Amino acid sequence: MRGLNIRHFGENAVMIDWPEESGEVILQEILACEQFLRSRFKNDLIETVISYRAVVAYFKTNKKSAEIIDVLQRELTFNSVSLTETAIRIVPVCYDNEFGPDLDFLAAQCELSTSEVIELHTKPVYTVRFIGFLPGFPYLSRLDERLHTPRKSTPRRTVAAGSVAIGGAQTGIYTMDSPGGWHVLGRSPLEFFSPQNSPPSLFRPGDRLKFKAVSEEEYLQIEKELRTGKYNLEHIEND
Amino acid sequence: MIEVLKPGIYCSVQDAGRLGFRNQGVPLSGAMDGRSATYANLLAGNPLDSALIEFASPGPVFRFHKNCHIAVCGADFEVQVNGINHSMNTQISISKTDEVFIGRAATGVWGYLAVSGGIASETVLGSRSFYSGITSEPRLIGGSKVSIGKAAENREPDLLPEPHDRLLKSPIKAYPGPEFSKLTSEVQHALFTTQFTISAQSNRMAYILEYSNRLKAEEILTAPVRPGTVQLTPSGKMVVLMRDAQTTGGYARVLQLSERSIDSLAQKAASTEIIFSRIDY
């Protein structure tokens, strides 16, 4: 297809690049491209990994990448996958200082009050562009421009699981304890990744979500309900 | 069952890796030196992708609670069974209550102990490879007990392993990476002529390379990475992603190692000097 760059990415892998990042239109094409790859190569394909404007397809060793590239250059075709059918899931976040150690700093950087930051952060319906960095870590698009803040120059040694953070023009959720260079605004009690769940990641590309500010009491209550299996993820039906 | 008396350094269970979950951000993992792991399994009479024990120097000490066959491959480790020296790269018969001692590696980094029947630790997301946050333990520790799988009828291996020396001396071959064409010709040239030194900070996730002149590349929009991806940061840090690498990253992907060269690089100890030799698709 025109404009796409199809090439090797090491042995037994092929990378398809879109010329430039242009938001969710690309995501819709990327998801359609993944469907094409799965149906065209079936059992020869191990898996695909996507990011903002790329798909990498990992193949079994018996398949020659040069031949795959040939096939793709001749046959690759797709439309786009519609994203609007999914319900919007609600992610509760406590933005109190204890949970959001960088909220004050980020507000000062953006010349906003902390309540304005929370308002701007909880307003949009975010789309999960892809999962990367950590198991289950969702990269979200549509962060309000007023909240764009360069990453920390020195990463924090430990960011707690559930931390909701901003790095540059991106916002995402730390799904497990990890070092991290993004500014932590708050924390969600939800479990975003568990190897015991099927699928293990709570979110997948194309999913839509909205953050909802909750108090520390509500945070602890949700945490308790999750432990006893009584919590149901809130969602808004598609309008 | 195998009881870990002393865990040594970086002792874990690994297999051929966790395939099929990279799109959920789960690292591939698997043996750092896949070729040595394969040989160890071959010598132990196992399917080549069976789980085995990986360790660095100084190595672990085990007490076996089962009669079995083992093979130790990889870096040049001292191997003793009940205090008697044994060779690497050969099948060793083990009796119940035997103590297997792995000493230090004279050269190389990673050693592999395969057991007939394979290691039968928990399978999580299709793999037994240890990884923090995926398997219940990130490492084997003193007192850990590891189950052994049911062995097929024991047979002598029909292939002899490649000498480990050749592995250590083999050149590190690299393809130009996705961002290679965006680099200045000076940087492109330097990547294949500079002598890089393996840093002591290296681990299963990444090997850090030290060097004297300063190369740099601009950050990129977060994009897929894999084991063997060589990243160059805006501040000039050179990082080779290894088996526990993230699935995506934001630094320029300047080179991509061949699969065999990932195994070879894995066995280069801290302070070893390397030069990348270019290969093209």
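Student: Is Ser199(B) buried or exposed?

Tutor: In this predicted model, Ser199(B) counts as buried, because its relative accessibility is 4% and the cut-off for buried is under 20%.

Student: And where in chain B does Ser199(B) lie?

Tutor: Look at the loop that runs between β13 (196–198) and β14 (206–210) of chain B; Ser199(B) lies there.

Student: What does the side chain of Ser199(B) reach?

Tutor: The side chain of Ser199(B) reaches the backbone nitrogen of Gln201(B), at 2.9 Å.

Student: Which residues is Ser199(B) in contact with, leaving aside neighbours within four places in sequence?

Tutor: There are Ile208(B), Glu210(B) and Ala270(B).

Student: OK, another spot in chain B. Where does Ala266(B) lie?

Tutor: Ala266(B) is part of helix α4 (residues 259–266) of chain B.

Student: Buried or exposed, that Ala266(B)?

Tutor: Buried, because the relative accessibility of Ala266(B) is 0%.

Student: What does Ala266(B) touch, not counting residues up to four places away in sequence?

Tutor: Ala266(B) touches Met32(B), Asp33(B), Val109(B), Trp110(B), Tyr207(B) and Met242(B).

Student: How far apart are Ala266(B) and Leu232(B)?

Tutor: In sequence they are 34 residues apart, and in space the C-alpha to C-alpha distance is 19 Å.

Student: Back to the helix itself. How many residues of α4(B) are buried?

Tutor: Six of its eight residues are buried, so α4(B) is largely enclosed by the rest of the structure. The buried ones are Ser261(B), Ile262(B), Asp263(B), Ser264(B), Leu265(B) and Ala266(B).

Student: Let's zoom out. How many helices and strands does chain B have?

Tutor: Chain B has four helices and 21 strands. Its radius of gyration is 19 Å, close to the 19 Å that the globule rule gives for 281 residues, so chain B is as compact as a globular protein of that length.

Student: What does the C-alpha trace of chain B span along its principal axes?

Tutor: About 60 × 35 × 35 Å. Of the 281 residues in chain B, 59% are buried.

Student: And the contacts in chain B between residues at least 6 apart in sequence: what share join residues at least 24 apart?

Tutor: For chain B that share is 74%.

Student: Now chain A. What does its secondary structure come to?

Tutor: Chain A has five helices and 14 strands. With a radius of gyration of 19 Å, close to the 18 Å that the globule rule gives for 239 residues, chain A is as compact as a globular protein of that length.

Student: At what angle do α3 and α4 of chain A pack?

Tutor: Helix α3 (residues 103–110) and helix α4 (residues 114–122) of chain A pack at about 90°, and their axes are 9 Å apart. That angle makes α3(A) roughly perpendicular to α4(A).

Student: Which residues make the contact?

Tutor: From α3(A) come Leu103(A), Asp104(A), Leu106(A) and Ala107(A), and from α4(A) come Thr114(A), Val117(A) and Ile118(A). By class, the contact of α3(A) with α4(A) has five nonpolar, one polar and one charged residues.

Student: What about Ser57(B) to Pro58(B)?

Tutor: That peptide bond is cis, with omega near 0°. You'll find Pro58(B) in the loop between β3 (52–56) and β4 (61–64) of chain B.

Student: What is phi of Asn12(A) near?

Tutor: Near 60°, which is a positive value in a residue other than glycine. Asn12(A) has its place in the loop between β1 (5–8) and β2 (13–17) of chain A, and Asn12(A) is buried, with a relative accessible area of 17%.

Student: And phi of Arg142(A)?

Tutor: Phi of Arg142(A) is near 85°, a positive value in a residue other than glycine. Arg142(A) is in the loop between β7 (138–141) and β8 (156–159) of chain A.

Technical notes
Residues numbered from 1 in each chain as written. Chains lettered and ligands numbered in written order. Predicted model: local features only at pLDDT ≥ 70, side-chain atom pairs only at ≥ 80, totals over all residues. Heavy atoms only, no water. Helix = DSSP H or I, 4+ residues; strand = E, 2+ residues; numbered from the N terminus. Buried < 20%, exposed > 50% of the residue type's maximum accessible area, 1.4 Å probe, protein only. Polar contact = N/O pair within 3.5 Å; in protein donor to acceptor, adjacent residues only side chain to side chain. Contact = heavy atoms within 4.5 Å. Axes fitted to C-alpha atoms, helices over the stretch in contact; angles between N-to-C directions. Parallel < 35°, antiparallel > 145°, perpendicular 65-115°, else oblique. Nonpolar A, V, L, I, M, F, W, Y, C, P; charged D, E, K, R; others polar. Rg over C-alpha atoms; globule rule 2.2 N^0.38 Å.
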